[in-house]
Amino acid sequence: MLSLFNIDYLNVNKMIREFTSKAGLQGEISFVCIYRSANFEHERQVFKVSVGDKLFAMKVDRFGAKSGRLTSEFAVLQGLHQHFQKYDKQAIPAPVYLSESGEFFVVEFIDNRTATVAIKTAKNIKAAGQIYRRVGAWLHAFHQYGNITEARIYPNWMFEALDVSIQNGPHAPPEQYRPMITQLREEADQLKERRDTKVLCHGDFHASNVIMGQGVTYGFDFTEVTEKLALYDIVDFLKVDIFRTGVLSDVDRSGVTRQSKAMFFKLYRHPIDLDLLDFCLRGRLLKDWIFITSERHFKSDFQKNKFLRLEERLNIAFAQH
């Protein structure tokens with residue numbers, strides 16, 4: 001097997017040949033790996049594929065034939081593509097081809113910045129705010145797909161996840177994070193009977209799964225789609241706010257800035273319990289902070305910066321409760 005950096009180039013080339021043959025495409029072929037799963041780097045990868053002057057993204061799962069994972073996602077893509085036809089400024093990459101084996105599929109390639117990059121490089125508060133507004137509009141449209149109901153919040157999963165991270169040896173000192181967990185538990189007892197909007201959620205709606213196209217916002221990567229409280233998608237996205245600097249005076253009890261939330265909710269209109277949202281945001285930021293072990297902190301400048309950004313946000317958030 002010819003392999004470099006965990007990529008089986010012979011098999012990838014075979015997949016592309018299958019796709020171009022079935023799609024009736026001709027032209028010079030080239031490809032490059034643009035993503036490898038952190039936990040499944042040998043099995044799950046995404047490639048940018050060039051066929052003549054056309055660009056595609058090909059998602060690969062070596063065990064897709066057995067799991068049906070990509071087949072299920074492609075069906076979601078097809079339904080969502082129809083759903084988004086009614087919107088002018090929100091979209092998803094168009095689904096193009098699903099292999100018979102279920103080991104890969106091909107979609108339209110969208111060549112632009114992710115929301116993560118756009119927010120981190122925004123020149124001013126106004127520019128950053130427009131990104132939150134656009135993403136809020138996209139998520140509102142996405143949450144229109146499927147049933148919209150109500151459900152109770154079950155916060156115990158959050159504390160179970162925190163317990164697991166603590167066992168792994170967090171870099172954060174116990175004297176800092178233990179009072180935060182205690183405070184979070186007390187609030188969970190007060191909120192556990194609350195109900196909120198339940199929808200078909202993206203399930204992994206971090207800012208790097210959103211592309212800011214020219215006037216059109218695209219969401220992608222739908223392998224984790226599931227029904228749950230809508231606020232969890234919002235939490236997944238808004239946590240990117242920690243990387244904005246010079247805005248600490250605007251951070252509220254959620255750990256993110258008032259301006260970012262206000263701009264997001266300009267065009268996101270599904271009813272959301274803001275007490276639950278703030279609680280879940282604090283919990284998510286605390287979980288991400290405790291997840292950073294001393295080993296991760298030592299080895300990575302990115303983790304060092306993330307640790308500091310989370311720490312300063314958490315200190316402000318828990319002081320306001």
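Biologist: What is the angle at which α7 and helix α10 pack?

Modeller: Happy to start there: α7 and helix α10 (residues 274-291) pack at an angle of about 150°, with their axes 11 Å apart. Axes are lines fitted to C-alpha atoms, for helices over the stretch in contact, and angles run from 0 to 180 degrees between N-to-C directions. Please keep in mind that this is a predicted model, where local features need pLDDT of at least 70 and side-chain atom pairs pLDDT 80 or more, while totals for chains, interfaces and linings use all residues. Residues are numbered from 1 along each chain as its sequence is written, and side-chain values use heavy atoms, without hydrogens and water.

Biologist: Why are α7 and α10 called roughly antiparallel?

Modeller: Angles over 145 degrees count as roughly antiparallel, under 35 as roughly parallel, 65 to 115 as roughly perpendicular and the rest as oblique. The angle is about 150°, and α7 and α10 are therefore roughly antiparallel to each other.

Biologist: Which residues of α7 make the contact with α10?

Modeller: Among them are Tyr177, Ile181 and Leu184 of α7, facing a group of α10 that includes Phe279, Leu286 and Trp289; contact means heavy atoms within 4.5 Å. The residues of this contact of α7 with α10 divide into eleven nonpolar, two polar and three charged. Here Ala, Val, Leu, Ile, Met, Phe, Trp, Tyr, Cys and Pro count as nonpolar, Asp, Glu, Lys and Arg as charged, and the others, Gly among them, as polar.

Biologist: What makes β3 and β7 edge strands?

Modeller: Five strands form an open antiparallel sheet in the order β3-β4-β5-β8-β7. β3 (29-36) and β7 (95-98) each pair on one side only. Strands are DSSP runs of E with at least two residues, helices are runs of H or I with at least four, and both are numbered from the N terminus. Two strands pair if DSSP finds at least two bridges between them; β4 (residues 44-51) and β5 (residues 54-61) have eight.

Biologist: What makes the aromatic pair of Phe74 and Phe105 tilted?

Modeller: Rings of Phe, Tyr and Trp (its six-membered ring) pair if their centres lie within 6.5 Å; planes under 30 degrees apart count as stacked, over 60 as edge-to-face and the rest as tilted. Phe74 and Phe105 are 5.6 Å centre to centre with 50° between the planes, hence a tilted pair. Phe74 lies in helix α3 and Phe105 in strand β8, 31 residues apart.
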